[in-house]
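Open the model in your viewer and keep the selection panel at hand.

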Amino acid sequence: MASALNENKSPKASDDKNFFAFRSGQISLPLKQAQHATEFQVQQELKIAFQEVVESSQFFIQTSPSQVQRRVCTVPVLGDHIEIELDRSNPSECVLKVEGSASGNDEFGWICVEFYENKEHFQHLLDTSDLRTAVIDHFNAQPPHPGFPANSAKLAASSQIQQLFEDGQNIGFALSELKQQGYVVLENGPKSTVQGHDQLTKFLNEKTNQGGAVRTDTVHFLHRDQAIECGFQQHYDSLMGIASFLNEHLDFDETPHNPMGPATPQHPLTIPDSVQLAEYGEDDFYKAHSDNSLTDRFVDGDENGGRIRHNFRHYTCILYCNDDWDEDEDGGALRLYPYSQNLLEADDAIHQSYGFVDISPKNGRLLIFDSRLIHSVERVTTKTKRRRALTLWINRPNDSGVLGESFY
């Protein structure tokens, strides 16, 4: 339902005030200071904003004019007895309240998601910080999406994917490298053009919410129709086709957990519905991290010393799109730490002097690696070039107790 940025770390637990508000079926939305606005004007703006949220959602309904004045709506999909009210008893804040049996965590979290997705109607009036926290708490309490069948990709079972893995050598060698050292670098992926880059630029306008101390790149999750529009259909379809190829040719490690549909024991890998486009300019970086790190939650019989992982990501596939890139002059290498998959903290790979390999982001280069491995994007030093890459995360969904992680 939500358009979220999926990353490798869960956010910090919300503070006690927010957690109590979330569990009690209400959330505080402090009023922003509006210069020269009268109380009547504020009330009118809140009424209009609430109406716009209700009209924008296919799930909310106002059933009478009196409810418009009270800023109340119903949620028929949860039952006619459920009411949502934007209460302003306190002049310094509004309180989003849910009355009825939907005040439990799941239902209230889902309602918060609907409001947050329509926040453009009221974020100029109200502080949405606590609402965002409730949305994050809601998604982190849900299992992540298990993905889609790998054989649904356009190039599933295509010889074009096989040719990626041949790369001047036999397929078995590339698969053996991926299996034994946790990564493989392939050199004959689709290359990008200047015209394609110009088309991609219009999508690159969002930073992640992880903060400048963690990463500074600009990202967009690219769907197939957008890739086609930009002339990146071959890039998109090639990335999507890798999971099906691995399902057919790779020997997977045994796991005590059962696959979660659409995955099967014979074909355990699934695909997402989009790929991430990321751009790094001068001085941009992404600090050391894992795309699927260990949590502080435990489960009996797990292969990670009892610890549960953060998500279902199994392999990270990165296709680089940078013509005439010089690692020594331009920076921006991906630094990968092999055999680091069981570290609890990403920085331990650095502090404990783990060996690393630097992969330059050259045009057409395809890097596939175990999503558990620690890696970073080193600082870009060129003043004139933009480092771009397309990333797809191949999932291996199972019943290990993984909970979701979605970032706004």
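In which sense do strand 11 and strand 18 pair, and over how many bridges? Select residues 374-377, which are strand 18: the pairing with strand 11 is antiparallel, over three bridges. Strands here are DSSP runs of E, at least two residues, and helices are runs of H or I, at least four, numbered from the N terminus. Two strands pair if DSSP finds at least two bridges between them. Zoom in on Tyr 286; its bridge partner in strand 18 is Val 377.

The model is predicted: local features need pLDDT of at least 70, side-chain atom pairs count only at pLDDT 80 or more, and totals for chains, interfaces and linings use all residues. Residues are numbered from 1 along each chain as its sequence is written, and side-chain values use heavy atoms, without hydrogens and water.

Next, the largest cavity, of about 180 Å³. A cavity is a set of points on a 1 Å grid over the protein atoms alone where a 1.4 Å probe fits but cannot get out; lining residues have an atom within 4 Å of a point. The volume is the space filled by probe spheres set on the points, which are joined across faces, edges and corners. Among the residues closest to its centre are Tyr 286 and Thr 391. Strand 19 gives the most to this lining, with four residues.

Finally, select Helix 2 (residues 39-56). It gives the most to the lining of the second largest cavity, with three residues.

Methods: On a 1 Å grid over the protein atoms alone, a cavity is a set of points where a 1.4 Å probe fits but cannot get out, and a pocket is an open set with protein on both sides within 12 Å along at least five of seven lines; lining residues have an atom within 4 Å of a point.
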